[in-house]
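Visitor: I would like to learn how to read a model like this one, feature by feature. Could you walk me through it?
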Amino acid sequence: EVNRGNISKIFGELITLIEPSKRIGANEEIKLKLPYSGDDFGVPQNLYIIGTMNTADRSIAPIDTALRRRFVFEEMAPNPSLLNENIEGVNLQLLLEAINTRIEYLYDRDHTIGHAYLIDVKDLDGLRFAFKNKIIPLLAEYFYEDWENIDLVLNKNGFIQLKKDDNKYLLVVNKKISEKIIYKVGDDNWEIENFKRIYNGHSNPQENNSQIDTKKIDE
């Protein structure tokens, strides 16, 4: 992964030798003398260097211009068509497309979720596991635990619930937190309809409120 390494240490003098015009047989061919063997070393025309880079890491920014102009950058976007269309009635292709469309508008397109998160899902239990242990934690990181936005990404499907705390512990801070809403991730016994709701139609606030606890902390 190109953006996870120290570029100057990885490439060294190669940063110059890999340029098309500096390779063996080119007009500006350059060869270096290897420090141990003393042999001349150059890069042939038919050598291709392929690296990967995760734009969501945001570590692409520090990469210098010298590296950028020596590589062609090709986007590898999420490909929902590689996913199963029927996991016990859940269409993973539509599910991923719906989630990523909302992420693109609420955050940016560099943070859309890759198909790899769901490509090994074979049944409902596997889908539950993927959301609880991979996708929801990833969304929490993306949105800095702004659970309201995460709930919107999931189309208010019942995964994210309002948390009810015992008010006897909060009496001393009632004034400060009177309007504060605390969210939590619900139990992972989610049903097929919870998943289908992510991509199926629009969220119904009244229906959603009937499934989760919407009580706030009393003043």
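Visitor: Is Gln-93 buried or exposed?

Guide: Buried means under 20% relative accessible area, exposed means over 50%, and partly exposed lies in between (1.4 Å probe, protein chains only). Gln-93 has a relative accessible area of 18%, so Gln-93 counts as buried. Keep in mind that this is a predicted model, in which local features need pLDDT of at least 70 and side-chain atom pairs count only at pLDDT 80 or more, while totals for chains, interfaces and linings use all residues. Residues are numbered from 1 along each chain as its sequence is written, and side-chain values use heavy atoms, with hydrogens and water left out.

Visitor: Where is Gln-93, and which residues is Gln-93 in contact with?

Guide: Helices (H or I, at least four residues) and strands (E, at least two) are DSSP runs, numbered from the N terminus. Gln-93 belongs to helix α4. Contact means heavy atoms within 4.5 Å. Setting aside neighbours within four places in sequence, Gln-93 contacts Pro-80, Ser-81, Leu-83, Asn-84 and Glu-85.

Visitor: What happens at the start of α4?

Guide: There, a side-chain oxygen of Asn-91 comes to within 3.0 Å of the backbone nitrogen of Gln-93. For a polar contact, look for a pair of N or O atoms within 3.5 Å; within protein, one must be able to donate a hydrogen and the other to accept it, and residues adjacent in sequence count only if both atoms are side-chain atoms.

Visitor: Which elements do the buried residues of α4 pack against?

Guide: They pack against α5 (124–142), α6 (147–153) and α8 (192–196). Among these buried residues are Leu-92, Leu-95, Leu-96, Ile-99 and Ile-103.

Visitor: How many aromatic pairs are found in the whole structure?

Guide: A pair of aromatic rings is described by the distance of the centres and the angle of the planes. Rings of Phe, Tyr and Trp (its six-membered ring) pair if their centres lie within 6.5 Å; planes under 30 degrees apart count as stacked, over 60 as edge-to-face and the rest as tilted. The search of the whole structure gives eight aromatic pairs. In one of them, the ring centres of Phe-131 and Phe-195 are 5.3 Å apart and the planes are at 70°, so this pair is edge-to-face. The pair joins distant parts of the chain, with Phe-131 in helix α5 and Phe-195 in helix α8, 64 residues apart. Phe-131 is buried at 0% relative accessibility, and Phe-195 is buried with a relative accessible area of 0%.

Visitor: How are Phe-159 and Trp-190 paired?

Guide: They are stacked, at 3.9 Å centre to centre with 25° between the planes. This pair also links distant parts of the chain: Phe-159 sits in the loop between α6 and β3 (160–162), and Trp-190 in the loop between β4 (183–185) and α8, 31 residues apart. Both Phe-159 and Trp-190 are buried. Ring pairs link Phe-131, Phe-159, Trp-190 and Phe-195 into a cluster.

Visitor: Which residues touch the most other members of the largest nonpolar core?

Guide: A nonpolar core is a set of buried Ala, Val, Leu, Ile, Met, Phe, Trp, Tyr and Cys residues joined through side-chain atoms within 4.5 Å. In the largest one, with 33 residues, Leu-118 and Phe-131 touch the most other members. α4, α5 and α6 each supply at least two residues, and α5 gives the most, with ten. A second, separate core of seven residues includes Val-2, Ile-7, Ile-18 and Leu-67.
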